[in-house]
Amino acid sequence: MKTDTMQTNDPALKSFIPTPAESHFPIQNLPFGVFSDAANPAARVGVAIGDQIVDLAALAEAGLLSVNAEVFRKASLNPFIALGRPTWRSTRAAVSELLRDDNLQLRDNQALRAKAFIAQDQATMHLPLDIPGYTDFYSSKEHATNVGSMFRDPANALLPNWLHIPIGYNGRASSVVVSGTPLQRPMGQLKLPAADAPIFGACRKLDFELETGFIIGQPNALGEPIDIANAEQHIFGMVLLNDWSARDLQQWEYVPLGPFNSKSFATSISPWVVTLDALEPFRVASPAQQPEPLPYLRQNGKNGYDITLEVSLKPAETAAAQTICRTNFKAMYWTMVQQLAHHTVSGCNTRIGDLMGSGTISGSTPESFGSLLELTWNGKNPLALADGVQRSFIQDGDEVGMTGWCQGDGYRIGFGAVSGKILPARG
């Protein structure tokens with residue numbers, strides 16, 4: 001039976017794998033990731049369903065998928081992504097069909113189920129991609145306004161180019177890590193407010209940035225820009241992203257060329273890549289753009305997504321994490337298709353697995369600010385947490401978690417989580 005995107009997103013679909021309403025991974029989602037487990041320590045490709053992982057190599061070996069099983073035995077999604085958009089979609093559709101509660105083919109094959117299903121809590125998740133390049137944008141108007149008000153002129157918070165161009169910088173792909181990877185506090189140069197010269201030392205203003213990221217699935221050749229009308233066809237899916245930031249290092253180094261060591265020490269992403277097909281029912285119009293962008297950035301249709309996002313902080317002194325930010329991706333001023341069109345308009349080529357960060361996602365209210373820089377207004381207004389704990393910035397032993405989901409009628413399309421714990425600086 002051939003299953004199209006509309007059918008795979010049908011809210012009425014049910015799987016024989018239990019998926020409570022609050023689960024991030026119902027049959028309507030089916031995100032792709034890379035995992036291993038104690039019984040088979042080789043990293044391989046799987047799909048999340050409920051609290052389980054489906055081993056796609058096992059399904060392919062059984063003749064239930066059209067893709068060669070060797071593609072799914074790889075330690076990254078890149079070889080699968082390289083097969084092209086029709087294969088991504090047909091594979092997701094085939095897995096959806098196999099997982100339906102009324103399909104006996106997999107449901108009643110106990111031997112295959114024992115081989116193909118692994119509990120998520122028994123698996124180790126790996127970085128899902130080989131990431132050739134990483135670009136981070138600066139696309140939340142609220143975030144850019146807050147930062148501009150803080151460090152420049154509140155009456156002219158946005159720089160003259162911000163409303164005309166998706167601002168971004170090229171980061172370090174080599175330091176992108178999967179959720180759960182502990183991170184050391186970075187060292188570097190910082191200039192104290194009353195000092196005449198910089199000093200070398202550990203970052204004192206360590207921060208998170210709540211972001212999403214999109215993954216390039218179809219590359220473009222050098223010198224061949226991606227037209228905005230076709231940009232979405234080049235995107236495989238989305239992840240949650242924490243753009244860890246050393247604010248004091250950043251303030252000293254970013255003039256004139258932008259972030260460098262203050263950002264390059266680590267970027268964390270969630271292990272599951274949610275496809276744009278799964279997000280299709282949650283499209284929304286992006287905010288109105290004034291002035292109107294130049295023709296190559298003008299978009300049609302709904303190019304935003306209604307994604308609820310939350311950040312939690314677990315201080316080293318307490319046992320429980322506390323939610324400190326709630327916001328929504330739909331507030332982003334510049335969209336993914338605009339970011340990609342602008343990134344390539346000069347003729348810049350992209351490669352399969354390239355990661356594009358959204359930039360900090362902040363809303364219009366204080367509780368929706370997507371960084372401690374904003375939540376505490378650069379440390380002037382520390383957060384009051386449980387048990388008398390306060391935080392202006394992240395301290396050693398603190399753990400930051402992020403999660404996000406689209407809310408459907410009785411189900412969620414979720415991203416899981418991305419988390420990281422901060423260790424003391426080396427030396």
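View 1. The model is predicted: local features need pLDDT of at least 70 and side-chain atom pairs pLDDT 80 or more, whereas totals for chains, interfaces and linings use all residues. Residues are numbered from 1 along each chain as its sequence is written, and side-chain values use heavy atoms, without hydrogens or water.

**View 2. The structure holds zero disulfides**. A disulfide is counted when two cysteine sulfur atoms lie within 2.5 Å. For cysteine 203, the closest cysteine sulfur belongs to cysteine 325 and is 20 Å away, too far for a bond.

**View 3. Helix 8 (141-151) contributes to the lining of the largest pocket**. Helices (H or I, at least four residues) and strands (E, at least two) are DSSP runs, numbered from the N terminus. With four residues, helix 8 gives the most to this lining; strand 6 (134-137), strand 7 (168-170) and helix 9 (247-253) each supply at least two. Among the buried residues of helix 8 are His143, Asn146, Val147 and Met150. Helix 13 (372-375) is included in what covers the buried residues of helix 8, with contact meaning heavy atoms within 4.5 Å.

Methods:
Buried < 20%, exposed > 50% of the residue type's maximum accessible area, 1.4 Å probe, protein only.
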